[in-house]
Amino acid sequence: MISKGISAVCKQELLALIEKKRAELIHIAMINGLSSTLAIKYSQELDTLLNEYNRKLIEKVHTS
């Protein structure tokens with residue numbers, strides 16, 4: 001089912017970016033530790049992507 005308000009491409013692109021950033025975070029955390037500066041940076045970037053995805057879902061609900 002394709003969500004109205006979020007194009008399938010946009011949604012798929014965001015999900016792909018989220019999965020890529022999650023994998024990068026796991027890799028960095030395994031090498032440098034979860035509390036390393038780099039792991040925190042990647043975690044914040046993942047948070048930003050997740051927040052954007054959630055914002056788009058909320059917009060969809062409000063415009064439906």
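**Reading a helix pair**

Modeller: Buried means under 20% relative accessible area, exposed over 50%, and partly exposed in between (1.4 Å probe, protein chains only). This is a predicted model, where local features need pLDDT of at least 70, side-chain atom pairs count only at pLDDT 80 or more, and totals for chains, interfaces and linings use all residues. Residues are numbered from 1 along each chain as its sequence is written, and side-chain values use heavy atoms, leaving out hydrogens and water.

Colleague: Where is Glu 45 found?

Modeller: Helices are DSSP runs (H or I, at least four residues), numbered from the N terminus. Glu 45 sits in helix α2, residues 37-63.

Colleague: Which side chain makes a polar contact with the side chain of Glu 45?

Modeller: A polar contact is a pair of N or O atoms within 3.5 Å; within protein, one must be able to donate a hydrogen and the other to accept it, and residues adjacent in sequence count only if both atoms are side-chain atoms. Here the partner is Lys 21, at 2.6 Å. The side chain of Lys 21 also has a polar contact of 3.1 Å with that of Glu 24.

Colleague: Is Lys 21 buried or exposed?

Modeller: Lys 21, in helix α1, counts as buried because its relative accessible area is 16%. Leaving aside residues up to four places away in sequence, Lys 21 touches Tyr 42, Glu 45, Leu 46 and Leu 49; contact means heavy atoms within 4.5 Å.

Colleague: And Ile 31, buried or exposed?

Modeller: Ile 31 lies in helix α1, residues 8-32, and is exposed, with a relative accessible area of 55%.

Methods
Helix = DSSP H or I, 4+ residues; strand = E, 2+ residues; numbered from the N terminus.
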